[in-house]
Amino acid sequence: MTQDAPALTLPEELILLALDPDRGKPTCNARDLGYGTAGAVLAELEIQGHIREERGRVQVVNPLDPADPILAAMLRTLDPPAKGRRRPGIRARRWVGKYDRYVQEKYLDSLVERSVLSRRTHRVLGMLPYHRHFPGVLDLSRGVLDRFAAAEAAGYPAHRDRVLASLASAIGLAGDLTRLGRTGRTVMKVMRRSEWTAVAVRYNVEQNETGNGWSGNRWSGNGWSGYSGSGDGD
């Protein structure tokens with residue numbers, strides 16, 4: 001990334017890492033990217049000091065709105081701090097499974113509005129719309145990929161880089177992103193087991209693979225409609 005490039009949140013970085021710039025599709029399973037994006041929101045909120053995790057549950061420790069409007073909106077979906085509550089907070093894996101599509105749609109819209117991505121809309125049989133996303137005028141994808149490669153080469157010295165790599169592994173991007181082959185995939189897999197956001201994401205990925213994904217009150221967007229990609233589960 002250049003000095004003039006705007007800062008990106010973790011969910012935005014994960015989306016840019018996942019997108020195939022030539023096909024406009026994620027290289028991993030599209031639904032899994034939604035889970036990963038939701039997990040990245042929780043990771044970003046934790047890094048910024050707004051939430052913490054305790055025994056698999058998300059607890060708000062600073063309810064003040066973050067600067068990013070999407071993060072602010074998602075923070076408000078979490079239980080505020082409360083005294084005397086026996087089991088405060090929502091389960092991380094349930095939150096990820098509830099808000100995956102909503103979060104993904106919101107960040108895709110934001111990246112398009114800021115010209116980081118461009119959007120092409122097509123229709124299945126002339127009726128059902130689906131989108132493809134390509135590098136925009138302000139193309140930050142190359143910078144994100146280069147920074148990821150540099151972090152891997154250095155052994156992921158920064159916590160933020162370890163979280164991003166863990167989330168990427170959780171949704172099956174490790175094989176596409178690593179430059180170290182099997183060793184690189186293994187390193188990311190080990191890290192994802194120690195990052196609670198990646199654990200929550202991976203749980204939903206595996207539930208989706210077995211047909212036991214969350215049901216009920218969830219967002220139903222069409223950003224990747226009609227597409228189911230594939231990726232390296234390690």
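Analyst: Buried means under 20% relative accessible area, exposed over 50%, and partly exposed in between (1.4 Å probe, protein chains only). Residues are numbered from 1 along each chain as its sequence is written, and side-chain values use heavy atoms, with hydrogens and water left out. This is a predicted model: local features need pLDDT of at least 70, side-chain atom pairs count only at pLDDT 80 or more, and totals for chains, interfaces and linings use all residues.

User: Good. How much of the chain is buried?

Analyst: Of the 234 residues, 48% are buried.

User: And how many helices and strands are there?

Analyst: Nine helices and five strands. Both are DSSP runs numbered from the N terminus: helices are H or I with at least four residues, strands are E with at least two.

User: In which pattern do they follow along the sequence?

Analyst: It reads α-α-β-β-α-β-α-β-β-α-α-α-α-α.

User: Let's do rings. How many aromatic pairs does the structure hold?

Analyst: Two. In the pair Trp95 and Tyr99, the ring centres are 5.0 Å apart and the planes are at 35°, so this pair is tilted. The rule takes rings of Phe, Tyr and Trp (its six-membered ring) with centres within 6.5 Å; planes under 30 degrees apart are stacked, over 60 edge-to-face, and the rest tilted.

User: Where do Trp95 and Tyr99 lie?

Analyst: In helix α4, residues 92-113. They are four residues apart, so about one helical turn separates them. Trp95 is buried at 0% relative accessibility. Tyr99 is also buried, at 16%.

User: What about Phe148 and Tyr156?

Analyst: Their ring centres are 6.1 Å apart and their planes are at 70°, so that pair is edge-to-face. Phe148 and Tyr156 are buried.

User: Which charged ends sit over a ring?

Analyst: Arg93 has its charged end over the ring of Tyr203, 4.3 Å from the ring centre. The charged end of Arg120 sits over the ring of Phe134, 4.0 Å from the centre. To count, NZ of Lys or CZ of Arg must be within 6 Å of the ring centre and within 35 degrees of the ring normal.

User: Salt bridges next. What's the count?

Analyst: It comes to 11. Each is a side-chain nitrogen of Lys or Arg within 4 Å of a carboxyl oxygen of Asp or Glu.

User: Why would such side chains pair at all?

Analyst: Opposite charges on side chains can pair when the charged atoms come close.

User: What does Asp65 pair with?

Analyst: Arg76. The closest N and O atoms are 2.8 Å apart. Asp65 is in the loop between β2 (57-60) and α3 (69-75), and Arg76 is in the loop between α3 and β3 (90-91), so the bridge ties together parts 11 residues apart in sequence.

User: Are those two buried or exposed?

Analyst: Asp65 is partly exposed, at 48% relative accessibility. Arg76 is exposed, at 55%.

User: Which residue does Asp146 meet in a salt bridge?

Analyst: Arg142, at 3.2 Å from N to O. Both lie in helix α5 (residues 141-153), four residues apart, or about one helical turn. Asp146 is partly exposed, with a relative accessible area of 37%. Arg142 is partly exposed too, at 46%.

User: And Glu206, what is its partner?

Analyst: Arg202, with the closest N and O atoms 3.4 Å apart. Helix α9 (residues 196-209) holds both, four residues apart, about one turn. Glu206 is partly exposed at 39%, while Arg202 is buried at 12%.

User: Which residues do salt bridges join into one network?

Analyst: Glu13, Glu44, Arg147, Arg160 and Asp161. The bridges there share partners.

User: Switching to Glu12. Where is it, and what does its side chain contact?

Analyst: Glu12 is in helix α1 and is buried, with 1% relative accessible area. Its side chain makes a polar contact with that of Arg114, at 2.4 Å. A polar contact is a pair of N or O atoms within 3.5 Å; within protein, one must be able to donate a hydrogen and the other to accept it, and residues adjacent in sequence count only if both atoms are side-chain atoms.

User: Last one: where is Cys28 found?

Analyst: In the loop between α1 (10-18) and α2 (30-47). Cys28 is buried, at 0%. The C-alpha atoms of Cys28 and Ala168 are separated by 9.5 Å, though the two residues are 140 residues apart along the chain.
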